Amino acid sequence: MEAGGDTAAPPPGDAEDLEDTRSPSEEAGDTGGVHEDPPDPGEEGLEETGSEIKDRPPSLRSPLPQLEAPLCTCRLWDPAASENSPLDDPESGSGGQGGDPSDEDWRSKRKHVFVLSEAGKPIYSRYGSVEALSTTMGVMTALVSFVQSAGDAIRAIYAEDHKLVFLQQGPLLLVAVSRTPQSVAQLRGELLAVHAQIVSTLTRASVARIFARKQNYDLRRLLAGSERTLDRLLDSVERDPGALLLGAVRCVPLARPLRDALGSLLRRCTAPGLALSVLAVGGQLVTAAQERNVLAECRLDPADLQLLLNWVGAPAFAAGEAWAPVCLPRFNPDGFFYAYVARLDATPVCLLLLSTDPEAFHDMATCRRLVEDGMHTLGAMRALGEAVSFSNAPSAIALAYSVQAVGASGLRHFLYKPLDIPDHHRQLPQFTSPELEAPYSREEERQRLSDLYHRLHARLHSTSRPLRLIYHVGEKETLLAWVTSKFELYTCLSPLVTKAGAILVVTKLLRWVKKEEDRLFIRYPPKYSTPPAVPASSMDQASHNGLFPGP
């Protein structure tokens with residue numbers, strides 16, 4: 001239920017100034033989004049979406065067995081729970097104490113995110129405790145119910161400088177209240193990411209079944225401790241909008257020979273049931289290897305990978321090893337993989353192994369030891385560990401790089417996503433950007449740049465009037481956004497750069513990216529075939545589904 005209108009699209013090559021992009025009526029027509037989850041069967045008629053459920057092999061869509069009671073056995077082990085939150089305390093609301101809507105500090109936040117059940121039961125709030133906000137969430141439920149009683153669905157409300165975005169996902173209602181420049185579609189993408197993080201813990205089918213049995217069930221009993229994971233997710237969106245905005249993951253800049261050697265190492269270190277191997281450091285991807293059969297018909301979605309990287313970023317994963325069920329909502333929202341997570345040799349380098357066998361912990365631990373030995377032989381362990389502390393070190397490995405490496409005078413920052421990868425290679429969408437430097441060293445300036453990128457993205461991808469090129473001259477910087485069949489690019493330039501100078505800078509940038517693409521991106525993720533599985537007689541029948549179903 002949004003106001004909107006259709007306007008004729010300009011010729012493909014036209015550019016438009018950024019100042020004309022903030023009309024609510026234009027944003028209302030933008031139903032696109034970076035993150036789209038398959039719609040839940042229970043939400044048909046509540047919201048129109050253009051998304052379709054991706055085809056999956058029948059073996060990966062098996063329903064979960066019925067729950068006898070809303071037990072905690074399907075809860076993902078979350079390291080945050082062991083740090084700050086008692087597992088069985090539903091009163092440990094997210095965001096700490098406070099949260100009264102009359103509190104000025106709470107009201108001063110630029111964006112709030114709420115999760116509640118259809119019955120109005122509070123589940124999560126980005127700021128403040130959910131207990132103090134129960135009345136506010138009750139009003140949200142009443143609004144949704146009132147509109148639904150008329151046979152309609154509420155999607156967004158515009159109130160002066162605020163946007164209220166509603167997203168119904170099965171029995172869960174997610175609401176964003178924002179006074180940022182983000183479009184409705186971008187806010188909806190954040191809500192989808194929050195929902196996916198919840199589903200990764202419980203699975204969609206389990207959530208639906210719990211509320212079918214008891215509408216006013218307190219889901220915080222199963223999500224206790226996961227509030228910190230959701231907080232980290234939303235914090236990462238504020239700090240680094242590229243991943244969600246572009247629907248891609250950031251890779252560690254790495255010399256191609258070493259990256260290829262690490263990919264070959266992951267291919268060799270396999271075990272029965274191993275579906276995916278991921279090597280990461282500092283929340284960025286080093287390389288990943290997929291099992292040919294399990295993932296033959298399904299691309300590794302960046303939303304799922306970003307979810308995993310956010311999950312393993314918990315402080316309690318900083319040492320040792322862990323074994324826990326985790327759901328990949330884009331792959332199959334109704335089933336579990338089993339994840340083995342370990343820090344290698346007490347360094348920040350993280351190894352994540354996903355298995356379809358719930359009893360494969362010792363096999364995964366053996367793979368971990370083989371990977372560690374191989375990385376020591378390659379000399380990659382020490383180099384990756386050092387890169388965390390010295391991001392600009394003059395070596396083949398660095399978690400970040402300076403924009404000065406491009407050698408284009410006047411260039412301050414950029415986001416670049418390649419689009420020209422052949423689809424039959426099942427390439428994982430990726431992007432790259434340099435670290436933020438002066439004049440974007442302060443938090444408020446970084447936030448302002450993030451807001452500018454969101455405006456550019458919303459205007460380029462507007463469904464009512466999309467553009468291919470935007471050139472905007474502001475008081476503090478000049479911005480140029482450009483999307484073609486080969487790339488999507490957002491650049492921030494000095495305000496003194498002329499239009500001709502901006503074209504020269506972008507040309508030099510594109511040449512530099514082309515030259516460095518083997519270092520900046522994983523061009524062709526490695527695949528492998530696992531050893532034959534053990535005979536069926538010695539395995540639980542559920543493990544033959546290709547994905548372990550939730551309890």
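**Confidence**

The model is predicted. Mean pLDDT for the protein chain is 77, and 72% of its residues reach 70 or more. Residues 1–93 stay under 50 in pLDDT. The model has 237 contacts beyond four places in sequence for that stretch. Residues 390–397 also stay under 50. For them the model has 18 contacts beyond four places in sequence.

**The five-strand sheet**

Five strands make an open sheet, ordered S2-S1-S5-S4-S3, with antiparallel pairing. Strand S2 (122–125) and strand S3 (156–159) are the edge strands, and each pairs on one side only. Neighbouring strands of this sheet are turned by 15° against each other on average, direction ignored.

S1 and S5 run antiparallel and are joined by seven bridges. Val113 stands opposite Ala176 in S5. Helix H4 (residues 134–149) lies across S1, S2, S3, strand S4 (162–169) and S5. H4 runs at about 70° to S1.

**The four-strand sheet**

A sheet of four strands, also open, has the order S12-S16-S15-S14. Its pairing is antiparallel. Strand S12 (411–418) and strand S14 (469–473) stand at the edges with a single partner strand each, so one side of each lacks a neighbour in the sheet. From one strand to the next, the twist averages 5°.

S12 pairs with S16 in the antiparallel sense over seven bridges. Leu415 stands opposite Tyr490 in S16. Two helices pack on this sheet. Helix H14 touches S12, S14, strand S15 (478–483) and S16. Helix H15 touches S12, S14, S15 and S16. Their directions relative to S16 are tabulated here.

| Helix | Residues | Angle with S16 |
|---|---|---|
| H14 | residues 443–460 | about 140° |
| H15 | residues 499–520 | about 130° |

**The H5–H8 pair**

How do helix H5 and helix H8 cross? The axes of H5 (residues 184–202) and H8 (residues 227–239) come within 10 Å and cross at roughly 150°. The two helices are therefore roughly antiparallel to each other. H5 passes H8 in a right-handed crossing.

From H5, the contact uses Glu190, Ala193, Val194, Gln197 and Ile198. From H8, it uses Thr229, Leu230, Leu233, Leu234 and Val237. The residues of this contact divide into seven nonpolar, two polar and one charged.

Technical notes: Residues are numbered from 1 along each chain as its sequence is written. This is a predicted model: local features need pLDDT of at least 70, side-chain atom pairs count only at pLDDT 80 or more; totals for chains, interfaces and linings use all residues. Side-chain values use heavy atoms; hydrogens and water are left out. Axes are lines fitted to C-alpha atoms, for helices over the stretch in contact, and angles run from 0 to 180 degrees between N-to-C directions. Angles under 35 degrees count as roughly parallel, over 145 as roughly antiparallel, 65 to 115 as roughly perpendicular and the rest as oblique. A crossing is left-handed if the near helix is turned anticlockwise from the far one by less than a right angle, and right-handed if clockwise. Contact means heavy atoms within 4.5 Å. Ala, Val, Leu, Ile, Met, Phe, Trp, Tyr, Cys and Pro count as nonpolar, Asp, Glu, Lys and Arg as charged, and the others, Gly among them, as polar. Two strands pair if DSSP finds at least two bridges between them. pLDDT is the predictor's confidence in each residue, from 0 to 100.
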